Amino acid sequence: MKTQKKLISILLVAALLITTLVVVSVPASAATGTLASYYKTNPDGKVGKQATITIDGNASDWSEDMMIAQSAAWDCPNHWKGSHENSLADCYALFAAYDSTNLYIGMQFVNTTDTWQNAGDQSLMDNGKMGSVPIVLGLSVDPNSKGMTGKLATPENGKSGIWGVESTFQTHVDHLFFMSAKIGDGGTPAMFTADSNGTTDYTTHCTSFTQAGITYNMADTNICSHIWGLNYSDSTDDVYSDSADWVDYKTFTGSKGKHDTKYDSFYEMKIPLSAIGTTATNIANNGIGAIFFGTRNESMLDCVPFDAASMLDNTMQEYHAGDNTSLEKEDDDLITVPLARIGKGGSTPVIVTDPTTTTEPTTSPEPVGTTLKVNSKSNMFQTSSESDLEVGDTVTVSYNLTSNKKINSADWSLAYDSSKLKLNTAGADLCPVSGDTVNDSGNPVYGNFTDSDNPADFTAGGAFVEAEFEVLAPGTTDVTLTVNEMNYLNGTSVVSIVDNGVVQTSSGATVTATSETASGQTIDGLLVNGKSNFFDPASTTFDKNVNKVTVAYKFKASKSVINSTWKLTYDSKKLSLDSVSMPKAPSASFNTNTAGLVEGTFTDADLVSFSSMDNFVLATFSVLGTGKTTVNLNVIDLGIGVVVSGDMKTADLVQDGVVKDITSQSGFSGFTYSTETEVRVGFLLGDANKDGKLSVLDPTALQRYFAEYRTLNSIDPIAGDANQDGYLSIRDVTQLQRMLAEIA
């Protein structure tokens, strides 16, 4: 089999990799957020059902009550770039069933382009089918097992992805199934598992479908009663909007008529439970996760459940072989979306008995009172509880960590019962110390942190994960934090504190892991915490009617600044960035392409003076939500400069995120500095030039604008409207001069 796969890889390289390729990930303009309501994972608590399916290319055994996830039609990259292509990997819905011996998976693909194209044209070539391209199924059978990275241990022909399909899994999967969309063509279908590093190969960790007893087939049909999808769209942002042009392709009539489901493809699979090391009882009691993908040989293009952050991030960038098709065909997709659950995870678990087991007798449930008890649980942290919570109360679960070692990397998931609790905390706010990358689009919530240069410091203690919930219903419920990995660096060696979910008692680290569950009051507005590894913290609670907030990080130093690099993170579900600046450093540059992240840098050999307390970084946001949120400025490097006898001397006040004492260095013996952080209402009236303060420069900026020496984007039209009459005029200059006279 390995020889066959090598031959296929060589043919793909010959056909597709004509030029040397360097792919740079350029995020799309779409701000990640809540997907439109047409995207559903485990809708209405559906987790598959007990049934036996015949794999015969006839979908009559399948039914909609087996649907565990739904995406949307015509939301694949081809919609916006490359609609002429004949291979359309448009994933729509995922189905599941199981009996005592087998797991059954159904994967519904759609091709609705027949509503605007003629038969045989463009994406309807080859009867609208995908041809010999890989389709992929991912399963998470044991969440405590080693997760797969999606990579080969030894790349082949310059490709590190399985079958040449580049992807990187952050979401836990322990089985990946690769098969051709054209059954019987395109390579030997196989199941891949992980080695000790999470990578795989074409030998030891590869089992052909034939060896594993796995079968699959395809029917030219669509078993869904509705096919919701985008009609006209000129932006990938539409996948986040219910007000976009959504239609039901089961009834919609386009310029070429109604959709014919003969262009759709339904793939059905039978996977012996023994092949994936599980039983029907385990599926019913603990559940397994599932996701499937459509590809174009080199990269994944669409998936269910839908991961918009990876499937659409490079949509409008150019493919290396031609600018009329999308870079999505070849980028390396980071998969972070939570999986759909099979057997357990919905509101009605399916009970199945294995042939070798018996059903345990059922007992009547304990009566439910009027209050809720919340238990915080974890494989690493101690258990704590909070009782007598009323519906509408808030409860905060904190997993507190103290460690004598700084944490280099960690990976975790947080699960809760969404029928009893609503998660109020989002994004990096869940990790107030480390500011992890978090996927909170589903339940469980997933997070990870990796930074060797700036490890997370828990030496003084702090919340590893902290989540606030609103109580929705009475009873008893658990919030469970599973720490999959936690590591620290010992020199250049990585030492595991937690490995594959198991706490390592011989790690060499002294760790105290406690939890705290406490009730609280709902914030009727927004609490903004301004945090930093360098600047003093500050917080302000704003009234719910406030729509703009500003976080100002201020600096004063006895010597000047020569350079700095930093990262500013914020929760893009609660805040939308309006502007960011370094008022004292006009040469500074900013990268704001990723929602929730700003990267800033500047170097000025002429030195920048902060002899008085002044704004170092100034960020203004529009308010999107209420509750608690954190804006965190991580200063990576901050250089101080001084000219001594005509020579420039420099010292790193902050280096790789660590604050240094530079007073022992030549030229810096008397160096002093101080910091402040201010969190305030979003704009300062009269601050026309956007430097965060009122000065004579503000009326000057307006006068220069009126004289057409400056463009509108060089001033703040809201703050510059000093007389608040709704528009800019010379009267605002006069009002500003009056304001400055009063200050003086």
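**Entry 1: T171**

I began with a side chain in this predicted model, that of T171, which reaches the backbone oxygen of T336 at 3.1 Å. I then looked up where T171 sits, and found T171 in the loop between β9 (167–169) and β10 (175–180). Is T171 buried or exposed? I noted a relative accessible area of 3% for T171, and because buried means under 20%, T171 counts as buried. Setting aside residues up to four places away in sequence, I listed what T171 touches, and the list reads I335, T336, V337, P338 and L339; T336 on that list is the residue whose backbone oxygen the side chain of T171 reaches.

**Entry 2: the chain as a whole**

I stepped back to the whole chain, where I counted six helices and 48 strands in the secondary structure. Of its 744 residues, 52% count as buried, and the accessible surface comes to about 31,400 Å², with 47% of that area belonging to carbon and sulfur atoms.

**Entry 3: W80**

Next I turned to W80, which I located in the loop between β3 (67–70) and β4 (91–98). Its relative accessible area is 12%, so W80 is buried. Which residues is W80 in contact with, once its neighbours within four places in sequence are left aside? I wrote down D75, L230, S233, D234, S235, T236, V239, L312, T315 and M316.

Two of these partners I followed further. W80 and S233 stand 153 residues apart in sequence, yet I read 7.7 Å between their C-alpha atoms, and the side chains of W80 and S233 make a polar contact at 3.0 Å. For S235, I noted that the backbone oxygen lies 3.4 Å from a polar atom of the W80 side chain.

**Entry 4: the second largest pocket and S581**

I then looked at the second largest pocket, which holds about 520 Å³ of space. Its lining has 30 residues, and the closest to the pocket centre are S579, S581, N689, K690 and D716. By class I recorded 15 nonpolar, seven polar and eight charged residues in this lining. Which strand gives the most to the lining of this second largest pocket? I found that β41 does, with four residues, while β39 (548–557), β41 (575–581) and β44 (614–623) each supply at least two.

S581, one of the residues closest to the centre of that pocket, has its place in strand β41. I read a separation of 5.9 Å between the C-alpha atoms of S581 and V617, which are 36 residues apart along the chain. Apart from neighbours within four places in sequence, S581 is in contact with F590, F616, V617, L618 and K690, and K690 is also among the residues closest to the pocket centre.

**Entry 5: backbone angles**

I kept one general point in mind here: most residues other than glycine have a negative phi, and most peptide bonds are trans. Where does the chain hold a cis peptide bond with omega of about -5°? I found that bond joining V304 and P305, and P305 lies in the loop between β20 (300–304) and α4 (308–311).

I looked up two residues with positive phi. L607, which is not a glycine, has a phi of about 70° and is found in strand β43 (residues 597–608). S645 has a phi near 55° and sits in the loop between β45 (627–644) and β46 (647–655). Its relative accessibility is 73%, so S645 counts as exposed.

**Entry 6: N723**

My last entry is on N723, in the loop between α5 (697–706) and α6 (730–743). I noted a relative accessible area of 28%, so N723 is partly exposed. Leaving aside neighbours within four places in sequence, N723 is in contact with R731, D732 and Q735, and the C-alpha atoms of N723 and L736, 13 residues apart along the chain, are separated by 8.2 Å.

Notes
Residues numbered from 1 in each chain as written. Predicted model: local features only at pLDDT ≥ 70, side-chain atom pairs only at ≥ 80, totals over all residues. Heavy atoms only, no water. Buried < 20%, exposed > 50% of the residue type's maximum accessible area, 1.4 Å probe, protein only. Areas by Shrake-Rupley, 256 points an atom, 1.4 Å probe, with all protein chains shown as cover. Polar contact = N/O pair within 3.5 Å; in protein donor to acceptor, adjacent residues only side chain to side chain. Contact = heavy atoms within 4.5 Å. 1 Å grid on protein atoms, 1.4 Å probe; cavity = no way out; pocket = protein on both sides within 12 Å on 5 of 7 lines; lining within 4 Å. Points joined across faces, edges and corners; volume = space filled by probe spheres on them. Nonpolar A, V, L, I, M, F, W, Y, C, P; charged D, E, K, R; others polar.
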